[in-house]
Amino acid sequence: MSEKKVYVDAQAYRAIDKGAMIVFKKGVIRTEGEIKPGDVVEVYSRAGKFLGKGFVNPNSNIMVRLLTKERDVEVNKELFKERLKRANEYRKRILRYEKAYRMVYGEADYLPGLIVDRFNEIASLQISSVGMERFKLDVAEAIMEAEPEIETVFEKNTGRARRREGLPEIERVLLGKEKYRTIITEGKAKFIVDMRGQKTGFFLDQRENRIALEKYIKGGEKVLDVFTYTGGFAIHAAVAGAEKVVAVDKSPRAIAQAKENAKLNGVEDRMEFIIGSAFSEMERLQKEGEKFDVVILDPPAFVQHEKDLKKGLRAYFNVNYQGLKLVKDGGILVTCSCSQHVDMQLFKDMIIAASAKAGKFLKLLEPYRVQAPDHPILMASKDTEYLKCLFLYVEDMK
Ligand SMILES: C[S@@+](CC[C@H](N)C(=O)[O-])C[C@H]1O[C@@H](n2cnc3c(N)ncnc32)[C@H](O)[C@@H]1O
């Protein structure tokens, strides 16, 4: 039995009981033993009932990330192998994509603090907990053993979540061959994925939504993809037959990659790429009297913390108001939010307000869309649910 123990309040106990794998600092009532960041601790209810074992970080807002609810399970490479096997079984059962998918989505795969995306023979991992960091070589080996075709494990250990945990930023090949780039297939489109890009290299969470766009392109449309990154939605629109696609992103590196992707798909003649701010570019297009059959808005998370909700919602409102102004009467708006703190109801309220100001009626074309199923939403954990994507038919109010 471990001498390091964490006792939680009734609310945290109830959440764990329902399946949550994360214990927030505010739910901890006391600790026992000398607790250092990255230690494995046992978690107990106030009355002393054993609830699980996991990595602790007393300096973080997320104090414990549970790995198991069983007392006898050891935290070692065998556990990671077992978890990866389980995660793989789930994906094999539900996905048609064999080579490009999220292998591990943290808490939802009982591996909180770990994200692994697979792009053919390369796995790109992101660690956001001190405990998981200690085991990262074991994790990398377990990934290669789970999928023998994987030859490279790249660590894309950068970003805000790392800094919050007090972890250094590292971006390099952790295990295997020195390789950074590969080409994946998604629906009718192909994409070059460079692990050194944003996040793990590619936004796999939007895959189903990008593919869903193809059926709304019948041929000859004019499309605007704002926040395009490496061409995501824009390339799908062009490949599906759009006559002209304008794609905007502020990152020169992302746009350079998007241009390569356009060539790879043989659609560069029908695409225009703009490096610039979404806000000013949409304003300019409006001033020039431009209108589009389809407008896609997939901004970065405007709400990173709950305290920024009001400000972030205003940013969503502004982007969507501008986007709506650029949609033709009888056109389509695809609008997304990857802010975990903005739930579907808040997102709907925002778009209704933006459409009223823009003088537009909206009709929902698709069921409410979320993140791809290889980023599973754990029903008992709100933290695992973040992406929203609405396909809307837009009409002028007349
Ligand atoms: C969620 S990603 C978009 C992913 C993309 N739709 C895809 O399918 O791959 C958000 C993108 O917005 C870009 N971005 C962030 N702020 C921006 C701004 N103010 N103007 C233009 N682009 C911005 C980032 O560079 C990033 O590529």
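Biologist: What do the buried residues of helix 9 pack against?
Modeller: They pack against strand 14 (222-226), strand 15 (244-249), strand 16 (271-275), strand 17 (292-297) and helix 10 (309-325). Contact means heavy atoms within 4.5 Å. Helices (H or I, at least four residues) and strands (E, at least two) are DSSP runs, numbered from the N terminus.

Biologist: Before we go on, what kind of model is this?
Modeller: This is a predicted model: local features need pLDDT of at least 70, side-chain atom pairs count only at pLDDT 80 or more, and totals for chains, interfaces and linings use all residues. Residues are numbered from 1 along each chain as its sequence is written, and side-chain values use heavy atoms, with hydrogens and water left out.

Biologist: Back to helix 9. Which residues are buried?
Modeller: Ala278, Glu281, Met282 and Leu285, in a helix that covers residues 278-287. Buried means under 20% relative accessible area, exposed over 50%, partly exposed in between (1.4 Å probe, protein chains only).

Biologist: Why do they line one face of the helix?
Modeller: Down the axis of helix 9, the buried residues fall within an arc of 100°, so they line one face. The arc is taken from the directions from the helix axis to the C-beta atoms.

Biologist: What caps the N-terminal end of helix 9?
Modeller: Ser277 does, with a side-chain oxygen 3.2 Å from the backbone nitrogen of Phe279. Just after the helix, Gly289 has a positive phi of about 75°.

Biologist: Next, Asp117. Where is it found?
Modeller: In strand 8 (residues 114-119). At 0% relative accessibility, Asp117 is buried.

Biologist: Which side chains does the side chain of Asp117 meet in a polar contact?
Modeller: Arg102 at 2.6 Å, and Thr200 at 2.5 Å. A polar contact is a pair of N or O atoms within 3.5 Å; within protein, one must be able to donate a hydrogen and the other to accept it, and residues adjacent in sequence count only if both atoms are side-chain atoms.
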